[in-house]
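Q: I have a structure here that I have not looked at before. Can you walk me through it?

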Amino acid sequence: MAQRVTLRKRQPYNTTSSRRRIVKTPGGKLVYHHLKKLPTQPKCGDCGIGLPGVPALRPRQYATISKRQKTVCRAYGGSRCGDCVKSRILRAFLVEEAKIVKKVIKSQQKAGGRK
């Protein structure tokens, strides 16, 4: 017959915060090891994919690592992926170009109307 294993914490329910694994100790006993929750990777705020270059940690562990490990050396480094940054830059450039074109057309119409 298998050895019985008793819970080490008071909470008896099988929730995400009380995951456990049976481990055999050097003395030959079976005990529960309570596992921590799995971390998720930070996601891009625009498209929602995981940010490459930023480690997946639990929220409190980000306080213990350096700033260089939490971000990427780029505009919007730790919050947006490279493709979204590229599209933002392109969109801003095209909006500015459209404004210039509109201004040029307006000035040409003024000059044409005076003659």
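Q: Is Glu96 buried, exposed or partly exposed, and what is its relative accessibility?
A: Glu96 counts as partly exposed, at 42% relative accessibility. Buried means under 20% relative accessible area, exposed means over 50%, and partly exposed is in between, with a 1.4 Å probe and protein chains only.

Q: What does the side chain of Glu96 meet in a salt bridge?
A: Its partner is Lys99, at 3.6 Å from N to O. A salt bridge here is a side-chain nitrogen of Lys or Arg within 4 Å of a carboxyl oxygen of Asp or Glu.

Q: Where do Glu96 and Lys99 lie?
A: Both are in helix α2, 3 residues apart, which is about one turn of the helix. Helices (H or I, at least four residues) and strands (E, at least two) are DSSP runs, numbered from the N terminus.

Q: What kind of model is this, and what was left out?
A: This is a predicted model, in which local features need pLDDT of at least 70 and side-chain atom pairs count only at pLDDT 80 or more, while totals for chains, interfaces and linings use all residues. Residues are numbered from 1 along each chain as its sequence is written, and side-chain values use heavy atoms, with hydrogens and water left out.

Q: How many salt bridges does a search of the whole structure find?
A: The search finds 3. One of them is between Arg80 and Asp46, with the closest N and O atoms 3.1 Å apart. That pair links distant parts of the chain, 34 residues apart: Arg80 is in the loop between α1 (67-70) and α2 (82-114), and Asp46 is in the loop between β2 (30-34) and α1.

Q: Which of those is buried?
A: Arg80 is buried, with a relative accessible area of 19%. Asp46 is partly exposed at 43%.

Q: What else does Asp46 form a salt bridge with?
A: Asp46 also pairs with Arg88, where the closest N and O atoms are 3.2 Å apart. Arg88 lies in helix α2 and Asp46 in the loop between β2 and α1, so this pair ties together parts 42 residues apart in sequence.

Q: Switching topic, which way do β1 and β2 run?
A: They run antiparallel, and 5 bridges join β1 (residues 20-24) to β2. Strands pair if DSSP finds at least two bridges between them.

Q: What is the bridge partner of Val23 in β2?
A: Val31 is the partner.
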